[in-house]
Amino acid sequence: MRAGNSPTEVEPKARHGGSREAIIEAAGRLFLERGFGFVSMDDLAKAAGVARRTLYNQFATKEDIFREMLRRVSGQLEDTFPAGMESNGEVEDVLRLVARLILDVHKQPEYSGFLRMVVADSRQLPWIAEEFAAVMEPRTERLVQYLTSQTARGILDCRSPALAAHQFMGMLNELSLWPWMIGRESLPFPNDEVVEETVQMFLQRYRRPRSKARTSRGAS
């Protein structure tokens, strides 16, 4: 327990909503500018414009702040690979939906900034990459499961659904995310064109010829 912070001194979190948001915003900025390991709690309190005591009432450690930021990123990713997406129609429609949602996430400064911080700090602090991966993997696995189910139905022919899922996301990352990660603007292609070309390229490789797909379904 920290000295000087008795239970009676800790104010309800509801009264610190603005302070909490200011701390998260300051943390995102400082972690990205300096690196997680080079930012102190005092730095965060000063940048957020809050008293040190207020900071500790909200977050006991920098790691707690990181995990709150990760929780928010997780919420953004939850919408990117929605549960039950296999019920959204034909395979083209599902892949278009997923592609649009991925591109929408890339546009969110909170996500892109957080990812940039993870990349910068994970070599020195491996636990950062591990916790980020633990959030990412279940979302990616939804796409893997979808591709697996479509392969089982004879619609797709993915010998390795996991590889195919990463290829699909990689095409989108190359055009939308990685340019920003190295300090450039996203490449100048309309989102609709990026989505359509990515989906069609993916299906050109992985869609089973329709005659074979019908035969496969008829035999099941």
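This is a predicted model: local features need pLDDT of at least 70, side-chain atom pairs count only at pLDDT 80 or more; totals for chains, interfaces and linings use all residues.
Residues are numbered from 1 along each chain as its sequence is written, and side-chain values use heavy atoms, with hydrogens and water left out.

Let me start with F132, which lies in helix α7, where helices are DSSP runs of H or I with at least four residues, numbered from the N terminus. F132 is buried, at a relative accessible area of 9%, and buried here means under 20% relative accessible area with a 1.4 Å probe, protein chains only. Which residues does F132 contact, if we leave aside its neighbours within four places in sequence? They are L70, V73, F114, L115 and V118. The C-alpha atom of F132 is also separated by 8.9 Å from that of S74, although the two residues are 58 apart along the chain.

That brings us to the pair of helices α6, residues 109–121, and α7, residues 126–152, whose axes come within 9 Å and cross at roughly 135 degrees. The axes are lines fitted to C-alpha atoms, for helices over the stretch in contact, and the angles run from 0 to 180 degrees between N-to-C directions. The two helices are therefore oblique to each other, given that angles under 35 degrees count as roughly parallel, over 145 as roughly antiparallel, 65 to 115 as roughly perpendicular and the rest as oblique. On the α6 side the contact is made by Y111, F114, L115, V118 and D121, and on the α7 side by I128, A129, F132 and M136.

Turning to helix α2, residues 41–48, we find M41, L44, A45 and A48 buried. Why do they lie on the same side of α2? They do so because they cover an arc of only 100 degrees around the axis, the arc being that of the directions from the helix axis to the C-beta atoms. Just after α2, G49 takes a positive phi of about 70 degrees.

R96, in helix α5, residues 91–106, counts as buried at 18% relative accessibility, and, not counting residues up to four places away in sequence, R96 touches V195, E196, V199 and Q200. N173, in helix α8, residues 161–181, is buried with a relative accessible area of 18%, and its contacts, leaving aside neighbours within four places in sequence, are H106, W178 and P179.

How values were computed. Buried means under 20% relative accessible area, exposed over 50%, partly exposed in between (1.4 Å probe, protein chains only). Contact means heavy atoms within 4.5 Å.
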